[in-house]
Amino acid sequence: MRSTSGSIVVLLLLFLLSVVGSAVSGVVRRHDLAGVQPLSRVAIHKAQLALEDKAYVKASPLLLGIKGEDTEWVTVEIGSPKPTADDWIGVFSPAKFNASTCASENDKDEVPLICSAPIKYQFANYSNPDYGRTGKGFLRFQLINQRADFSFALFSGGLDNPRLIAVSNAISFANPKAPVYPRLAQGKSWNEMTITWTSGYDINEALPFVEWGSKWGPATRSPAGTLTFNRGSMCGSPARTFGWRDPGFIHTSYLKELWPNAEYTYKLGHQLFNGSYIWSKSHSFHASPYPGQNSLQQVIIFGDMGKAERDGSNEYNNYQPGSLNTTDMIVKDLDNIDIVFHIGDISYANGYISQWDQFTAQVEPITSRVPYMLASGNHERDWPNTGSFYGTTDSGGECGVLAETMFYIPAENSAKYWYSTDFGMFHFCIADTEHDWREGSEQYKFIEHCLASADRKKQPWLIFAAHRVLGYSSGMSYAAEGSFEEPMGRESLQKLWQKYRVDIALFGHVHNYERTCPIYQNQCVNNEKLHYSGTMNGTIHVVVGGGGSHLSNFSGTVPKWSIFRDLAFGFVKLTAFNHSSLLFEYKRSSDGKVYDSFTISRDYRDVLACVHDSCPPTTLAT
């Protein structure tokens, strides 16, 4: 008989009074193709109640984070009198995953009326090869502090037809509301850093702030603003239904008038109304260099990373198999990195809101130390009839709300996810491919203004980045279209790249790596492959969408403009040594080694020199 789990089962049964939606349709079996959000494979709307008296689930320890940890490992003991190879354990949070949380959209009479998807799952035989014979075993889960308690449920019937057999005791973090997972980002000014984090404290409970200062000066406190959103903010299922989970409260503070390159320490704080304080761990960062400053500056760029589970959860899928390797390689080299750009397809939560917490926890070693700048991708924004350029359902009903709230970007309007940012000798123009970029559009005007505003004497390295491939890719899908690009991609923008002499244009979306020659209108304008010098006469286009999600094949034909292709997980590193020397490196996430590279040596006059379509055809002098 179960002991601690009995009361929870009773509570579960008491709440079996309403119904769950039918939006999980066509659930994919675990042996099907890659690229499917693992949680969508769980047909939670079809779950049946099949409690077994002799089945049990026991989780320990009961209390997590007693020393302030944000992440803890948990042991789950399971037993079933009728074990099968398809038995699995789902991790639920909050612990009471019952009908009281059903949304109004859920209108089908099915039991046991579990209205929330698990935040992760493992098959019972994952680390217990004898489970099918003995019906007993232990599983290890890594949990993060997510503002609520947890329970573990044993199901038979696989993911397609889950039958609830037993539920564990509840466990929780000592302070589930604690401030966690700081995320740095450049502010709208070069000498401003923003810090965003998540907590369980609304403004009617505590006042959020950041305590910060340089090592050679006194500490100061900067207040933080607070945002959140509700189920009604979501545009569709699963985000509005079984994928919904309360996001807590997202706070952002602005640290201003920073000294160039100075090191600052900070910690997140909440002052409770009883006068006590809740603190995070201490962190540090270096302020940005002054625009045009001549110093070593190192930039990381990649797209399409997503998240993965270090405990092996969600194991029967190939969703983001390179995600942890990319994260770990960047962390390993973090002392030699100044800023990171993640250009779209961020968490791949696809409407399962809990996964954004999981993602921010995964990248916290990076985001707590260097600015982490985003671009919007189809898996963040796209949803029918919401103003996105594409009418797909790739965001799972999030329609941009999560990306726009969980992370800060220095945009005038975060719903229009385009912005510029300066970093020393770099000027970055970040576009939003999920909104119209064509000539005459609002975004087109922004892109031209951003490119035109680069002072190339001070900031010689002009970088354009966006999610979908607006430039060149020989990925199989684009090759099949015969366009080698996003339809309508470069037609409007290539004349801007040429006119304003963009050095490198980087894109994600296609999950591989590819570099072109310096190119304009489908023609290579330079025959060099490893070193470029002298007059700048074309833009180098790079696809760097192998951040972690399942890989995308290339076409069998290699276009003449394709210099290097690699079907592997990886990222790009740009190193500006000075105003006339830039190093480009592509590194694989598996080993951190460089597999493709080139250098640019160029003086200011080489950018000013007129080439085809870069200068007006006539001047007053002529």
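This is a predicted model: local features need pLDDT of at least 70, side-chain atom pairs count only at pLDDT 80 or more; totals for chains, interfaces and linings use all residues.
Residues are numbered from 1 along each chain as its sequence is written, and side-chain values use heavy atoms, with hydrogens and water left out.

Let me start with the open sheet, whose seven strands run in the order β20-β19-β18-β30-β31-β32-β27 with mixed pairing; strands here are DSSP E runs of at least two residues, helices are H or I runs of at least four, both numbered from the N terminus, and two strands pair if DSSP finds at least two bridges between them. Because β20 (372-375) and β27 (531-533) each have a single partner strand, one side of each is left without a neighbour in the sheet. Within the sheet, β18 (residues 297-302) and β30 (residues 570-578) pair in the antiparallel sense over five bridges, and Q297 has A576 as its bridge partner in β30.

Turning to the core, a nonpolar core is a set of buried Ala, Val, Leu, Ile, Met, Phe, Trp, Tyr and Cys residues joined through side-chain atoms within 4.5 Å, where buried means under 20% relative accessible area with a 1.4 Å probe, protein chains only. The largest such core has 68 residues, of which F341, Y372 and L574 touch the most other members.

Finally, C429 and C450 form a disulfide, S to S 2.1 Å, the criterion being cysteine sulfur atoms within 2.5 Å. Both cysteines, C429 and C450, are buried.

Methods
Buried means under 20% relative accessible area, exposed over 50%, partly exposed in between (1.4 Å probe, protein chains only).
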